[in-house]
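Please open the model in your viewer and keep the sequence at hand.

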Amino acid sequence: MELPVLNEKPAATGGCSASSCGTTDDQLSHLSDDIREKVQNHPCYSEDAHHYFARMHVAVAPACNIQCHYCNRKYDCANESRPGVVSELLTPDQAVKKTMAVAANIPQMTVLGIAGPGDPLANPERTFETFRRLSEEAPDIKLCVSTNGLALPAAVEELSKHNIDHVTITINCVDPEVGAKIYPWIFWENRRIKGKKGAKILIEQQQKGLEMLVAKGILVKVNSVMIPGVNDKHLAEVSKIVKEKGAFLHNVMPLIAEAEHGTFYGVMGQRGPNPEELQALQDSCSGDMNMMRHCRQCRADAVGMLGEDRGDEFTMDKIETMEIDYQAAMEKRKVIHQAITEEMNSKRAAKATAAEQFAAEEKLTTRPVLMAVATSGQGLINMHFGHAKEFLIYEASPEGVRFISHRKTELYCSGDSACGEAETALQRTIRTLEGCEAVLCSKVGYEPWDMLEQAGIAPNGEHAMEPIEEAVMAVYKEMAAAGKLEEVSDQQRASA
Amino acid sequence: MSLKIIESCVNCYACEPLCPSKAIYMSKTHFKINAKKCTECEDDFAEPQCASICPIEGAILDALNVPLNPPGSLTGIPPERMAEVMAELQAH
Ligand code: SF4
Ligand code: SF4
Ligand code: SF4
């Protein structure tokens, strides 16, 4: 069985060479080996690493120095976390304790992030105390921080002193006109500054901070919130500029705006992008830069693998009762990390060989197809359709298979008692799969099977426990062989 | 003369470190201002610092109980619109 994955080359440097993880050799070539190494087992940055490694966030920094129209400070930072859910605010001391408890209990945890609610750099004491202590007491944990960028230039020096190798800056615009529609005010030099004037200062500080971090060799990812009619047309330009300045990844996230969140956008009826619009924008930006497509917009105190949250196991009262021998934990972690890295490397190498074989094969001339996959991780099709909280969307084409995005759904099967609601929830799930022509999962029940077929989505449970890309290509080839896919001329493909 | 923080404060910590008079303190439910210490920032800044960073409309009042950041002034949401949407949500 061939394993056709786009742009996979053998991992000659030991770094990640998969374009699907957002970091081609080309883009990494200007980075030191040291930084390359940092990316390859980072669950948020490496598309395949997120199947193996876990991350956690702590909320220590509630203050913010700007206002975004997608945020209601009564809840969380809508940008970094699920709105409407208030994260557990920790003191730096509690944050350190929690991080070490999680690292000891979930050895796959490699990254601690400080993001919202609030801006970590608007709370420098709380944020830096947490970082300072963790770089000393738990040196095997990578630290990262997300910021709106306003206070970034002033913080770069201090950031570079700790174990921090990743900074995420949310940059939604480079034009103050656009900015004024996103940021009603900023707090700057002891004054609240409204409108375009405020947005201009914010933009200047973001760009300056980006340049300073890059100059220090600190990895920078840029997040942008896609707001239809406000900055959607503008984000390709943002992508181009931040790439030129040395950001290594651009993550375009959809606006989340519901009236009940009480945000400006929510209340004023600003809509978020639909999956097709988001994908189109991500595609147009990826011409300039590889895009991060597996971001889950985790909440500010999420714990565990991407797409899961084990925060409930690590509430403060539970942590107080845990005895942690971090020295012992660190040794255990090291062994486990090594084993995972080896497994990942051998999988990456296998993919690369398969990609070479695929390149040598005779090419199909059929049109591309979107497929949805239900998975709980490890890159395998290993989830029941009814249990999937989200689907990964892949595109299969004669060029190979590429990961496009993930789409969240709600569990439609929540047990017998709730089955009265099952139908509508199932319909909702099917609606989230719009545009897909097949859904691959370990099993599908009768009822959803029929409904999927009616919706024009072919259910497929034949590839249970197989690697995702292999299975997606196999299904694609079956569809092509069965004459289900129209031919596409070379010309059309070249312009696609 | 002093300002006052009321219960709509969301405990975001933003104002406390900015106060030049160290008049702001955390109390059980929300942040408060020590009336004896607050100078309304008179000799230090052109604007009261707490009210200049507070993101919550109506959370900080002046001596006459008038909000320094009245409804709509920070979020840009017209109060009528907010009322309309809230009524709609409650109807569900
Ligand atoms: S930076 Fe984050 S916390 Fe601050 S207003 Fe924007 S979304 Fe909210
Ligand atoms: S007005 Fe000034 S002095 Fe008074 S509480 Fe606010 S920040 Fe402190
Ligand atoms: S800034 Fe406003 S909401 Fe935040 S703690 Fe101070 S009074 Fe409360």
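In what order do the three strands of the open sheet with antiparallel pairing in chain A stand? The order is β2-β6-β7. Please keep in mind throughout that this is a predicted model.

**First selection: the three-stranded sheet**

Select residues 66–67 and 191–194 of chain A, which are β2 and β7. These two strands stand at the edges of the sheet and have a single partner strand each, so one side of each lacks a neighbour in the sheet.

**Second selection: a pair of helices**

Two packed helices are described by the angle between their axes and the distance between the axes. Select residues 195–215 of chain A for α7, together with residues 152–159 of chain A for α5. These helices pack at an angle of about 20°, and their axes are 8 Å apart. Because angles under 35 degrees count as roughly parallel, α5(A) is described as roughly parallel to α7(A). Their crossing is right-handed.

Now show the side chains at the contact:

- From α5(A): L152(A), P153(A), V156(A) and L159(A).
- From α7(A): Q205(A), K208(A), G209(A), L210(A), M212(A) and L213(A).

By class, this contact of α5(A) with α7(A) comprises seven nonpolar residues, two polar residues and one charged residue.

Move on to the open sheet of five strands in chain A, whose order is β13-β12-β11-β14-β15. The pairing in this sheet is mixed. Select 400–408 and 458–460 of chain A to find β13 and β15 at the edges. Each has a single partner strand, so one side of each is left without a neighbour in the sheet. From one strand to the next, the twist averages 25°.

Then select β12(A), residues 390–397, which pairs with β13(A) in the antiparallel sense over eight bridges. Within this pair, display Y394(A) and its bridge partner in β13(A), F403(A).

**Last step: confidence**

Finally, colour the model by pLDDT. For chain B the mean is 92, and 98% of its residues reach 70 or more. For the complex, the predictor gives an ipTM of 0.95 and a pTM of 0.75. Where pLDDT is low, the predicted coordinates should not be read in detail.

Technical notes:
Residues numbered from 1 in each chain as written. Chains lettered and ligands numbered in written order. Predicted model: local features only at pLDDT ≥ 70, side-chain atom pairs only at ≥ 80, totals over all residues. Heavy atoms only, no water. pLDDT = per-residue confidence, 0-100. Pairing = 2+ DSSP bridges. Helix = DSSP H or I, 4+ residues; strand = E, 2+ residues; numbered from the N terminus. Axes fitted to C-alpha atoms, helices over the stretch in contact; angles between N-to-C directions. Parallel < 35°, antiparallel > 145°, perpendicular 65-115°, else oblique. Left-handed = near helix turned anticlockwise from the far one by under 90°. Contact = heavy atoms within 4.5 Å. Nonpolar A, V, L, I, M, F, W, Y, C, P; charged D, E, K, R; others polar.
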